[in-house]
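Open the model in your viewer and follow the stops below. Each stop says what to select and what is there.

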Amino acid sequence: RSQPAAFSMAQPRRGYGYAQATGTDVPVFWDVAFRFTRLEAIAFQFWFRDVIGRGVAEFTMPIRTEFGVLDHVCRFLPDSLLPASEDGDTFGYTATIMARAQVIPAEYEGAGALIAGLPDWWTWGELIDAAVTAEMPEA
């Protein structure tokens, strides 16, 4: 996975350089490899040609991330789908795909500062859950 920076650096003639935000919508790129049986490769070729218009249309693809396997809306980069190998009845392809943005699950939204600042954050969930459940009356 690679992702361009959401900022640029100014390089003044003198003094310390400074960063300037360039936006928050930053695409994410993955170099992927597909391995198919002969029959799966035939289906893939028809999907690529007929369903996503030779790579023009977007498609949804599950991708493994730090948060688990999440669906991303992707598209192939131009001319990136290449046959990688043919080994008997197995066919391989490599490509670069681009997603609109990195997907963060809803349960993590708004928790970035807490996760980044709380040591061993993953162990606190059970403690907080027990405290809230035991101490707060049901609504």
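Start with the whole chain. Of its contacts with a separation of 6 or more, 51% join residues 24 or more positions apart. Contact means heavy atoms within 4.5 Å. This is a predicted model, where local features need pLDDT of at least 70, side-chain atom pairs count only at pLDDT 80 or more, and totals for chains, interfaces and linings use all residues. Residues are numbered from 1 along each chain as its sequence is written, and side-chain values use heavy atoms, with hydrogens and water left out.

Now switch to cartoon view. You will find three helices and seven strands. Their order from the N terminus is β-β-β-α-β-β-β-β-α-α. Helices (H or I, at least four residues) and strands (E, at least two) are DSSP runs, numbered from the N terminus.

Zoom out. The C-alpha trace spans about 60 × 60 × 25 Å along its principal axes.

Next, look for what is hidden. Buried residues make up 22% of the 139 residues; buried means under 20% relative accessible area (1.4 Å probe, protein chains only).

Select F34, F76, Y93 and I97. These have the most contacts inside the largest nonpolar core, which has 20 residues. Such a core is a set of buried Ala, Val, Leu, Ile, Met, Phe, Trp, Tyr and Cys residues joined through side-chain atoms within 4.5 Å. Now colour β3 (28–37), α1 (38–51), β4 (59–65), β5 (68–76) and β7 (90–99): each gives two or more residues to this core.

Last stop: Y93. Which residues does Y93 touch, not counting those up to four places away in sequence? Among them are V32, F34, F44, L81 and P83.

Terms used:
Buried < 20%, exposed > 50% of the residue type's maximum accessible area, 1.4 Å probe, protein only.
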